[in-house]
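Good morning, and thank you for coming.

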Amino acid sequence: MKTLTALATLAALGLAGTAGAEIRIGATVSETGPAAFLGDPEAKTLKMMVEKLNAAGGINGEQIALTLYDDGGDPNKARTFATRLVEDDEVVAIIGGTTTGASMSIIPVAEDAEIPFISLAGAIEIIDPVKEWVFKTPHTDRMACQKIFEDMQAQGISKIGMISGTDGFGASMRAQCLEVVGDYGIEVLADESYGPTDADMTPQLTNIKNTAGVQAVLNPGFGQGPSVVTRNFRQLAIDLPLYQSHGVASKGFIDLAGPEAAEGVRLPGTALLVGDLLADDDPQKPVVTAYVEEYQAAYGEAPSTFGGYAHDAFAILVDALTRAGSAEPEAIRDAIEQTAGLAGTTGVVTMTPEDHLGFDLSAFRMLEIKDGAWTLVQ
Amino acid sequence: MAELMQFLLSGVTVGAVYALVALGFTIIYNASDVVNFAQGEFVMLGGMITVFAHMAGLPLPLAALIAIAGTAAAGVLLNKLAIEPARGAPVVSLIIITIGASIFIQGVAQLVFDKQLHRFPAFSGDTPIRILGATILPQSLWVLAGAIAVFVGLWAFFTKTLTGRAVLATSNNRLAAQLVGINTNWVMTLSFALSAAIGALAGVLVTPITNISYGVGIAYALKGFAGAMLGGMGSPIGALVGGILLGLIEALTAGYLSSVYKDAAAFVVILVVLFVMPQGLFGRKSTDRV
């Protein structure tokens, strides 16, 4: 093992020596820690894409050197690693910040050093107000709420119950949902919560069930909570539509909740989950299909939505590097801001100086689980 | 009425999980006064090994057996490699060692297994059983039955068998136990193996309800520890009652007050009980000879 590492290091040194010009990019994601199931596919995706790009000859003839750190989802570590990326590794761009907390602590480092930073976290605060050097790829929590409420409105639902996780994701999305729910003429009659590791949510769901007038239930949350909620929902035979959030948009969710319990659950997800169901002329179809195939071949499992966020971040960066024709942070930043019509897994991205996310609600697809598989709601 | 019944059944479901974890603390505590904070990792190992053995194609009962045996072996290793070399250290140091071991086991688990959530099917299906207008999943009954079986086993072990008494004697006074011919090293190894096996059994039984991943151990350990403290550390009946009581308090608070105060209410009750009865509900009174 030791000799292997030594050999690998030697080889790497040798390569770095001969390659001459290379573009250094940095990443810090939560490969371990409580957000590991988000950060793990992100790290795998970045490694895979860098390898593929370099094998294909790099960008404008220059190889990409990726420095990847694992911040364990800890904002303090994320900040330290961001500083190290800027000062020691001298990278020209940073991808990362799996959790909102980690992203928020990387932002001041990137802003000070004037290095473009593409965040992989959900909260709207990351790009609102717009920060010169900060971009992000995932949908915001607020957009997920809006997409769900739009669908409810179309179903004629005006009174709902909510049950949210008390973890960061659940709490943040609950707050965003409560903020925009009024715009859709929907009233929240019951507002329950649960801890992220709770084993049973039937008391909370019983209260929602017994609240007169509730027409649908929304569960903002991720991790194991939503699958327990879904199972308890069927256990209590609650005969109402159940909406989950984009936090559980992965094949794993159906397995965890069980196909029977998950039947009929609706949630806003990305094109990634339903690649083969997309229309042939959909600009995202080739991107999504290729990514799923490559990831499957490399790691023997289907990629998650979160891996898709890293895919898009890297695609945006590569696109910007190619157009900029230079590896100066300033030029890269300007090029990222001019990204237009770039099809990613999450949406078709068109950045402007006022919009560092680059897509709207239409990028979300409303999905429904039928017979243990995702289907598109038309 | 149906509402109250549902809250009670939910409390029993959650409480049985806590009780099963709390029972695991009992043996090691009785043998050495050490609160083993790696107990939650045993639960995690039990669940994770079962999941991966099952995914590798083994039938579920066999996978569960392998998980319990494997975790017991991990318990023995923990004792041999971490606790025994520090034998002369004060109890507090040993407890800190178990916290370190917990972090280490977690780290190894995420490398050996993976970082995703897993579940395997419930033993007797997912069709809820209806009782007085409320429902409970069959798996909850499995957990409850498991907790009661472990409790009966432990009670019989500590009161009816010579080995069990040897464990208690070791805890009481290690030197005196050695003098009357008890192999205290062997007692410690045995208690770690048994505790680990109980933890693994808990992992096997609760995974269909709660899902499992490499990082769930600490949450289990904390709730199980709270249940064991409430009932009285070291007492099997205390662990059983304390765990279920904790679950009931949480469920009733979530149902009648607000789910936001669920954990707070449980801990307020624990504080009040410990204030009035520092040994917990069923704990033995410690008498120090002066």
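Setting aside residues up to four places away in sequence, B:Leu20 touches B:Val143, B:Gly146, B:Ala147, B:Val150, B:Ala202 and B:Leu205. Please bear in mind throughout that this is a predicted model.

How far may we rely on the prediction? For the complex, the predictor gives an ipTM of 0.86 and a pTM of 0.84. Chain B has a mean pLDDT of 90, with 98% of its residues at 70 or more. Chain A averages a pLDDT of 89, and 95% of the residues score at least 70. Within chain A, residues 13-19 have a pLDDT below 50, and beyond near neighbours in sequence this stretch has one contact in the model.

I turn now to the layout of chain A. Chain A is divided into domain 1, which covers 22-139 and 285-360, and domain 2, which covers 142-269. Taken over C-alpha atoms, the centres of domain 1 and domain 2 of chain A are separated by 30 Å. Nine residues from domain 1 of chain A and ten residues from domain 2 of chain A make up the contact. On the side of domain 1 of chain A that touches domain 2 of chain A, there are three nonpolar and six polar residues, and no charged ones.

The next topic is the meeting of the two chains. Here 30 residues of chain A are in contact with 29 residues of chain B. Several elements of chain A give two or more residues to its side of this contact, including helix 2 (36-55), strand 7 (187-194) and helix 8 (225-235). Which element of chain A provides the largest share? The answer is helix 7 of chain A, with five residues. By class, the side of chain A that touches chain B divides into ten nonpolar, 15 polar and five charged residues.

Helix 12 of chain A runs over residues 305-324, and its 20 residues, at 1.5 Å a residue, should span 28 Å. Its end C-alpha atoms are 28 Å apart, which agrees. Of those 20 residues, 16 are buried, so helix 12 of chain A is largely enclosed by the rest of the structure. Just after helix 12 of chain A comes A:Gly325, which takes a positive phi of about 65 degrees.

Another helix of chain A, helix 6 (residues 168-180), contains A:Cys177. Is this cysteine buried or exposed? A:Cys177 has 25 other C-beta atoms within 10 Å, and a residue counts as buried at 20 or more, so A:Cys177 is buried. Leaving aside neighbours within four places in sequence, A:Cys177 is in contact with A:Cys145, A:Leu218 and A:Pro220. A:Cys177 and A:Ile148 are 29 residues apart in sequence, and their C-alpha atoms are 9.4 Å apart in space.

I shall finish with some details of the backbone in the loops. The loop between strand 4 (117-119) and strand 5 (134-136) of chain A holds A:Pro129. The peptide bond from A:Asp128 to A:Pro129 is cis, with omega near 5 degrees.

A:Glu90 is not a glycine, yet it has a positive phi of about 50 degrees. A:Glu90 is found in the loop between helix 3 (75-87) and strand 3 (94-96) of chain A. With 11 other C-beta atoms within 10 Å, A:Glu90 is exposed.

In chain B, B:Asp33 has a positive phi of about 65 degrees, although it is not a glycine. B:Asp33 lies in the loop between helix 1 (2-32) and helix 2 (39-55) of chain B. B:Asp33 is partly exposed, with 16 other C-beta atoms within 10 Å.

Thank you for your attention.

Definitions and conventions:
Residues numbered from 1 in each chain as written. Chains lettered and ligands numbered in written order. Predicted model: local features only at pLDDT ≥ 70, side-chain atom pairs only at ≥ 80, totals over all residues. Helix = DSSP H or I, 4+ residues; strand = E, 2+ residues; numbered from the N terminus. Expected span 1.5 Å × (residues − 1). Buried ≥ 20, exposed ≤ 12 C-beta atoms within 10 Å, placed from the backbone. Contact = placed C-beta atoms within 7 Å. Nonpolar A, V, L, I, M, F, W, Y, C, P; charged D, E, K, R; others polar. pLDDT = per-residue confidence, 0-100. Domains from an automatic or database assignment.
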